[in-house]
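Here's a quick briefing to read with the model open next to you.

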Amino acid sequence: MREYLLIRSKRKTVALAIKEDGTLEVRAPMRLSKKWIDGFVEQKEAWELAEQTGLTPAGVKVTGAKTRWGSCSGKNRICLSWRLMERPREVIDYVIIHELCHTEHHDHSKGFWALVESFLSNYRALRRELKGW
């Protein structure tokens, strides 16, 4: 498992951030066990895909969004719905890569889709599959 700096506070959510020096910072509520936090960090494949693609978000947050699978803010913070985790691995990877590409292109321009395709040549089929849910 990747090493990380753990910062506990009275917050209600867990947040992950990769700092400019490449270190991983985890902010978590005081009540969460270290074992749970370790498991959470291990499951955050977005970080692995970020390393593989070279596209680094300012942060990744898991939300309870019902109408979106994921989003990327203007400040390059990615949110992923926990509902996404019920989908097949390749669909999850597509959404993560889609949002990571928004850190370079904050639109759905030809450049954006070319970047997505450079990482997932079958992104069109995965996109269609995701729209079926």
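Is His 98 buried or exposed? With a relative accessible area of 10%, His 98 is buried, because buried means under 20%. Keep in mind that this is a predicted model.

**His 98 and its surroundings**
- You'll find His 98 in helix H3.
- Not counting residues up to four places away in sequence, His 98 touches His 108, Phe 112, Trp 113 and Val 116.

**Where H3 meets H4**
- Helix H3 covers residues 89-101 and helix H4 covers residues 110-119, and their axes come within 9 Å and cross at roughly 135°.
- On the H3 side, the contact is made by Tyr 94, Ile 97, His 98 and Cys 101, and on the H4 side by Phe 112, Trp 113, Leu 115, Val 116 and Phe 119.
- Sort the residues of this H3 and H4 contact by type and you get eight nonpolar, one polar and no charged.

**The two sides of H4**
- Which residues of H4 are buried? They are Phe 112, Trp 113, Leu 115 and Val 116.
- These four sit on the same side of H4, because they cover an arc of only 155° around the axis.
- Turn to the face of H4 that points away from the buried side, and you'll see the exposed residues Lys 110 and Ser 118.
- H3 and H5 are among the things that cover the buried residues of H4.

- Helix H5 spans residues 123-131, and its Tyr 123, Leu 126 and Leu 130 are buried.
- They cover an arc of only 60° around the axis, so they end up on the same side of H5.
- Here's a handy rule: an α-helix has 3.6 residues a turn, so residues three or four places apart point the same way.
- Over on the other side of H5, Arg 128 and Lys 131 are exposed.
- And what do the buried residues of H5 pack against? The answer is H3 and H4.

**Where H5 meets its two partners**
- The axes of H3 and H5 come within 10 Å and cross at roughly 105°, so these two helices are roughly perpendicular to each other.
- Glu 90, Val 91, Tyr 94 and Val 95 of H3 make this contact, together with Tyr 123, Leu 126, Arg 127, Glu 129 and Leu 130 of H5.
- The residues in the contact of H3 with H5 come out as six nonpolar, no polar and three charged.
- H4 and H5 have axes that come within 9 Å and cross at roughly 100°, so this pair is roughly perpendicular too.
- Trp 113, Val 116 and Glu 117 from H4 meet Tyr 123, Arg 124 and Arg 127 from H5.

**Ala 46 in H2**
- Ala 46 belongs to helix H2, which is residues 45-53.
- At 6% relative accessibility, Ala 46 counts as buried.
- Leaving aside neighbours within four places in sequence, Ala 46 is in contact with Val 60, Ile 96 and Leu 100.
- Ala 46 and Thr 56 are 10 residues apart in sequence, and their C-alpha atoms are 9.4 Å apart in space.

**Two loop residues**
- Arg 83 sits in the loop between E6 and H3, and at 22% relative accessibility it counts as partly exposed.
- Setting aside neighbours within four places in sequence, Arg 83 is in contact with Gly 64, Ala 65, Lys 66 and Trp 69.
- From Arg 83 to Glu 48 is 35 residues in sequence and 20 Å in space, C-alpha to C-alpha.
- Asn 76 is in another loop, between strand E5 (70-72) and strand E6 (77-81).
- Most residues other than glycine have a negative phi.
- Asn 76 has a positive phi of about 65°, although it is not a glycine.

Conventions. Residues are numbered from 1 along each chain as its sequence is written. This is a predicted model: local features need pLDDT of at least 70, side-chain atom pairs count only at pLDDT 80 or more; totals for chains, interfaces and linings use all residues. Side-chain values use heavy atoms; hydrogens and water are left out. Axes are lines fitted to C-alpha atoms, for helices over the stretch in contact, and angles run from 0 to 180 degrees between N-to-C directions. Contact means heavy atoms within 4.5 Å. Ala, Val, Leu, Ile, Met, Phe, Trp, Tyr, Cys and Pro count as nonpolar, Asp, Glu, Lys and Arg as charged, and the others, Gly among them, as polar. Buried means under 20% relative accessible area, exposed over 50%, partly exposed in between (1.4 Å probe, protein chains only). The arc is that of the directions from the helix axis to the C-beta atoms. Angles under 35 degrees count as roughly parallel, over 145 as roughly antiparallel, 65 to 115 as roughly perpendicular and the rest as oblique.
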